[in-house]
Each structure stands twice: as structure tokens, then as C-alpha cells.
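Me: I would like to learn how to read features off a model. Please show it to me and take them one at a time.

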Amino acid sequence: MRDVSKAENAIGAAANHGDSLNGEAKVLLSVRNIIKRYGSVVAVDNICLDIREGEFLTLLGPSGSGKTTLLMMIAGFVAPSAGEMLLGGADVAPLPPEKRNFGMVFQGYALFPHLSVFDNVAFPLRVRGVEKVAIREKVLSALKLVHMDAYAERMPKALSGGQQQRVALARAMVFHPEVLLLDEPLGALDRQLRASLQDELKALHRRLGTTFVCVTHDQEEAMSMSDRVVVMRDGRIIQVGEPAAIYQRPRSRFVANFLGESNLLDATAVEKDGQSSVIEIAGRRLIVDGAVSDPGKASLSVRPEQISIEHQAPASADGELVIQGNVADVTFVGADYRVQLNTEAGPVIARCRTSEQIRVPGQGDQVWARCHTSAVWRVVND
Ligand SMILES: Nc1ncnc2c1ncn2[C@@H]1O[C@H](COP(=O)(O)OP(=O)(O)O)[C@@H](O)[C@H]1O
Ligand SMILES: [Mg+2]
């Protein structure tokens with residue numbers, strides 16, 4: 001994996017500007033200073049984002065963070081209060097949806113209830129004045145792509161949620177759009193179906209090579225499908241990056257918590273050391289990367305699976321964080337044990353692989369939580 005610690009996480013870079021330039025990537029659509037106000041509510045607050053050709057980009061954030069509004073502005077269904085959207089150098093912000101050649105899968109699918117599957121998928125082609133013979137061929141090939149060609153004559157209400165989702169996808173793709181926009185495409189489905197459709201969406205993206213911009217509030221979904229994830233909050237972009245980079249190097253406490261479970265430890269920054277900070281925690285000094293600012297209070301993030309549990313005090317080693325504590329609780333969660341510790345640095349959660357752990361910690365045990373300092377990352381408070 002490339003070094004993400006500097007380019008995409010440099011604190012002090014304008015956090016709301018999602019561009020993370022990478023030499024080879026070609027920009028398809030450039031969102032520039034887009035704002036959407038509804039009265040006094042700022043739904044989207046001055047967002048800048050370069051969408052790269054062919055990528056699977058996901059907007060991730062809690063409910064109300066402005067994801068749908070941003071997507072609807074890209075699609076052309078909502079007019080921005082200010083800003084530009086450059087496609088091949090031309091501003092498409094003033095264009096209506098049908099002039100953009102972008103496909104859209106709406107939240108809840110929005111199939112036409114009075115039209116058959118075939119006619120739903122044919123709709124965008126008819127609007128574009130495509131010939132009848134060509135319509136038939138294009139509709140059937142789009143339905144085939146989502147394994148729904150056998151259902152062409154059905155009405156939407158006679159389909160399961162997963163099947164409706166596929167029809168909505170076929171309708172959005174049938175005219176070979178330049179960009180496919182998907183608003184919570186799996187949101188209405190049960191957990192198991194979601195997982196298999198995540199794989200299918202990913203495979204479809206690979207096969208088509210079309211740029212996908214997807215919206216979700218589900219961090220696992222975002223991480224498992226996307227080339228890049230855009231984390232949003234309160235109408236702003238908080239962080240942009242590859243899934244592993246955001247997970248391992250969250251910029252802030254919010255991102256650390258929003259993308260899975262994280263330990264957030266209070267520490268003291270003693271001094272700066274180039275791109276790193278010298279930190280004091282649990283009576284030790286460590287050099288950690290991440291947000292560098294002046295000495296004082298600091299927050300550190302460590303993922304639970306990076307922590308191992310020792311039953312004997314480990315020999316003091318450079319480059320390691322070792323914290324003594326007691327086991328407060330142990331929960332079996334299938335692939336691993338989730339171990340809660342009370343330590344001298346506060347509560348700590350560790351995840352131990354059930355396959356690797358020789359001695360399972362028991363409640364009340366005195367143990368040592370240990371991890372490499374490369375797994376420790378300084379975050380900003382927000
Ligand atoms: N048509 C609208 N009128 C007024 N406020 C709106 C409208 N659409 C969205 N909002 C507000 O904008 C904010 C962002 O909403 P939305 O984009 O739907 O968020 P998300 O999709 O992330 O849940 C919310 O505070 C929401 O209430
Ligand atoms: Mg939404």
C-alpha cells in the first residue's frame with residue numbers, strides 16, 4: 001500500500017477539499033465549491049471533490065450529513081446554491097438531469113409501479129428517442145447483466161427487494177451513462193442479501209468500467225466496495241482516501257469511531273519531531289505519526305485487532321506501547337474474542353483471533369496490552 005500518512009491526512013490541509021491528487025488518475029468530474037442551502041440549513045457546505053474516471057467512490061456519513069443532497073446535485077435533480085461542476089472542462093451545474101448522461105439509482109429504487117420490468121428499464125431509452133428495435137436489445141442486455149432477463153414481463157410489486165434493486169440498476173445503466181449514481185442502493189435489503197449484492201455491484205463495476213458514485217451510511221459497505229471513500233459530516237468532507245488508509249489512519253476521533261471500533265487514548269504530546277510527535281502515555285515515551293501540533297493534550301487511535309494480550313510483563317522494547325491492565329470482560333464474537341480491559345491509560349478493547357489465542361484471557365486477569373507504535377496514530381479532536 002502506498003504511503004498515505006502524508007498526502008491524504010496532512011492536518012492543516014483544507015479538510016473540506018476532498019481532492020487527493022494522484023499522478024495517474026484522470027479526473028472525470030470536478031465538484032468545485034458546491035453549496036446547497038435550504039433556508040438557514042446548509043445541507044452541503046462548500047464541497048470540493050475530484051471524481052476520477054472509472055473509480056468506485058463512496059460518500060459515507062451519518063444520516064443528515066448531506067450525502068443525498070450532494071448526489072442529487074451531481075445528478076441534476078437539485079440545483080446548487082453556489083459552485084461549479086466541471087465535466088471535461090464544461091460546467092454541467094446548470095444542466096437538467098437528462099442532459100448529463102448520468103444514471104441514477106434512487107434511495108428506495110423508485111420503480112414506476114404501473115410499468116412492467118421491461119418498460120421500467122426501457123423508460124430512459126424512450127425519453128432519449130431510441131428506436132424500438134434497439135430498445136428491445138438494450139433492455140434485454142441490461143436485464144441480463146443483473147440476472148433479471150427472465151422477469152421482463154413482471155410488475156414491480158411482484159418482485160422481491162433484491163430483484164427490484166436489480167431492475168433499478170438495469171434502468172440506470174441501460175443508456176450507458178458516463179457516471180452511475182447510487183443512493184443507498186442496498187439500504188432496503190436484509191443483511192445476507194446486502195453482502196452478496198455488494199460483491200455483485202463490485203463485479204459489475206469492474207465489468208463495466210463506468211465511474212460509480214455511491215452513497216451509504218454503512219461503513220463496512222463503503223470499505224468493502226469502494227476504491228475511495230469520502231467521509232462526510234454536517235455537509236462537509238472530513239476525510240477522503242482508500243478504505244484501508246482511512247481505517248488505519250483516521251484523521252480525527254469522529255472518523256476513527258465512525259469506521260469501526262477504535263481505542264481513543266488520552267496522552268500528552270511532549271514535542272514535535274518532523275512529521276511525528278513525541279508522546280507520553282502510561283509512563284512511556286513513543287514517537288507516533290498523525291496529526292502533529294503543539295505540545296499538550298493528544299488523542300491516540302489504536303484499532304483493537306492491533307493489540308495483543310500478554311499474560312506476563314513483556315520485556316521493555318523500543319517501538320512498542322505496553323499498558324498494564326485488568327480484564328473487565330471477554331466476549332466471544334465468532335472470529336475473535338473481544339476483550340475489554342481497564343488499564344492505567346483508561347479503558348482499552350483488544351480483539352484476539354480465536355484461532356491464534358492460546359490462552360484466552362479471563363475476567364479479572366492481570367494482563368499487558370501490547371502493540372507496535374506503527375499501529376498507534378495521533379488524531380485530532382472533533
Ligand atoms: N428539500 C429539503 N428541504 C429542507 N432541508 C433539506 C432538504 N433536503 C435535505 N435537507 C436537509 O439537508 C441536510 C442533509 O440532508 P441529506 O442530504 O438528505 O443527508 P443524508 O443523505 O446524508 O442523510 C439535512 O439536515 C436535511 O434535513
Ligand atoms: Mg440520504
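Me: Leaving aside its neighbours within four places in sequence, which residues is Ile307 in contact with?

Reply: First the ground rules: this is a predicted model, in which local features need pLDDT of at least 70 and side-chain atom pairs count only at pLDDT 80 or more, while totals for chains, interfaces and linings use all residues. Residues are numbered from 1 along each chain as its sequence is written, chains are lettered from A and ligands numbered from 1 in the order in which they are written, and side-chain values use heavy atoms, with hydrogens and water left out. Contact means heavy atoms within 4.5 Å. By that rule, Ile307 touches Asn263, Val302, Val348, Ile349, Ala350, Arg351, Ala369, Arg370 and Cys371. Ile307 sits in the loop between β14 (296–302) and β15 (308–310); strands are DSSP runs of E, at least two residues, and helices are runs of H or I, at least four, both numbered from the N terminus.

Me: Is Ile307 buried or exposed?

Reply: Buried means under 20% relative accessible area, exposed over 50%, and partly exposed in between (1.4 Å probe, protein chains only). Ile307 has a relative accessible area of 8%, so it is buried.

Me: What is the nearest side chain of opposite charge to Arg171?

Reply: For charge, Lys and Arg count as positive and Asp and Glu as negative; His and the chain ends are not counted. A salt bridge is a side-chain nitrogen of Lys or Arg within 4 Å of a carboxyl oxygen of Asp or Glu. Arg171, in helix α4 (residues 161–173), is buried yet has no salt bridge; the nearest such side chain is Asp119, 12 Å away. Contacts of Arg171 beyond four places in sequence include Phe106, Tyr109 and Phe112.

Me: How many disulfides does the structure hold?

Reply: A disulfide is a pair of cysteine sulfur atoms within 2.5 Å. The structure has zero. For Cys352, the nearest cysteine sulfur is that of Cys371, 13 Å away. Cys352 is buried, at 3% relative accessible area.

Me: How many helices and strands does the protein have?

Reply: There are eight helices and 20 strands. Of the 382 residues, 51% count as buried.
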